[in-house]
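Here is a short briefing for a reader new to this structure.

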Amino acid sequence: MTNKITDLLKAIQISDFSATPKYKQLASAITDAVKNEVLEKDDMLPSINELSVYLDISRDTVEKAYKLLKNTEIIASIPGKGYYIATTNIKRREKIAILLNKLSAHKKIVYDSFAKQLEDDATLDLFVYNSDISYLRTLLGNLTKTYDYYVLFPHFKEGRDQAPEIINKYIPNKKLVLLGKYLEDLEGDFAAVYENYEKDIYGALKEALPSLSKYHSLHLIFPDRSDYPKAIIKGFYKFAQQYAFHHSLISELEDEHIEVGTCFINLAEDDLVRLLDKIIQKDLKIGEDVGVISYNETPLKKFILNGITTISTDFAKMGEMAAELIKSRTKQHVEVPFYLKKRPSI
């Protein structure tokens, strides 16, 4: 085994924590080895079988990585001899770790928009920490790569007060981009694209007031032990009290009695399904007898039951704005737009 191959193998780090496919991690590691001059033009690469054994990954993973690198013309192959480095003229790409609290339809919109804006300027590694502060700590402590940027959705079911200390410990502030939620106690100069949850829900409900006036009660469905920001509750209470609606917070829908003249605001997608099922079972008319407003716009909601009204940030815009902060290397704190999409459900 040549010294170059030994150095290459040391440079390749495949993370089991990453949601990025292993073949993409491998392709990215080989590309970095070229950029860092570990490998030079015309250097031979290990065979698919050799690399599979060395790294303890499947042949299919190595084969897909080599195919990806061939498609981008970074490597080429000679029948009977193997794969070699075809060029060292590779544009430097930012290495970005994206840390999602959970997978969801709207997080996918953010990710797709973010990736599209950066196009060939960055390689993205995706991690999901399930809104668990302890798991986030473990994940950050076990990252096998150093990244140029860490894009983080900081939503936690418990232990929110520990988040600033953990983030400050593991992520250099100049490399941090917060998405979705702003954390007041973070140190240093970092970038953020955030929602103003209290102001946003208040403003959206105020815009919907002409349609809401036919209802006497507003109920916010806010699940226990959820990662939704408590500021949503503050904005909801402020609106309901100012405009004299009977109002309440519901943590569990199962035993909730559906009454005519009530409008429900739901946060979780699962609760939306349960709510619509209960309303339909009572043979009540959505948008007349009972109102429904769902948090977070997704493409499907405009088709459900002639359209579900949503109050939502612009997730595509959030991804675009985050990418722009990285491209411009600025550390601004930018509030993302929030909209009411009024449909027949109210």
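Arg-274 and Asp-271 sit 3 residues apart in helix H11 (residues 269-281), so about one helical turn separates them. Their side chains meet in a salt bridge, at 2.8 Å from N to O. A salt bridge here is a side-chain nitrogen of Lys or Arg within 4 Å of a carboxyl oxygen of Asp or Glu. The model is predicted: local features need pLDDT of at least 70, side-chain atom pairs count only at pLDDT 80 or more, and totals for chains, interfaces and linings use all residues. Residues are numbered from 1 along each chain as its sequence is written, and side-chain values use heavy atoms, leaving out hydrogens and water.

**The pair in helix H11**
- Asp-271 is buried, at 8% relative accessible area.
- Arg-274 is partly exposed, at 43%.
- Buried means under 20% relative accessible area, exposed means over 50%, and partly exposed lies in between (1.4 Å probe, protein chains only).

**Other salt bridges**
- The count of salt bridges comes to 15.
- Arg-329 pairs with Glu-94, with the closest N and O atoms 2.7 Å apart.
- Arg-329 lies in the loop between helix H12 (315-328) and strand E13 (333-335), and Glu-94 lies in strand E3 (residues 94-100), so this pair ties together parts 235 residues apart in sequence.
- Arg-329 is exposed at 55% relative accessibility, whereas Glu-94 is buried at 11%.
- Lys-108 forms a salt bridge with Asp-112, the closest N and O atoms being 2.6 Å apart.
- Both Lys-108 and Asp-112 belong to helix H5 (residues 105-118), 4 residues apart, or about one turn of the helix.
- Lys-108 is exposed at 52%; Asp-112 is partly exposed at 36%.
- Salt bridges also link Lys-4, Glu-40 and Asp-43 in a network.

**The whole chain**
- The protein chain has 12 helices and 14 strands. These are DSSP runs, numbered from the N terminus: helices are H or I with at least four residues, strands are E with at least two.
- The C-alpha trace spans about 75 × 45 × 30 Å along its principal axes.
- Of the 346 residues, 50% count as buried.
- Among contacts (heavy atoms within 4.5 Å) between residues at least 6 apart in sequence, 70% join residues at least 24 apart.

**Surface**
- The protein chain exposes about 17,000 Å², and carbon and sulfur atoms supply 47% of this area. Accessible areas come from the Shrake-Rupley method with a 1.4 Å probe.
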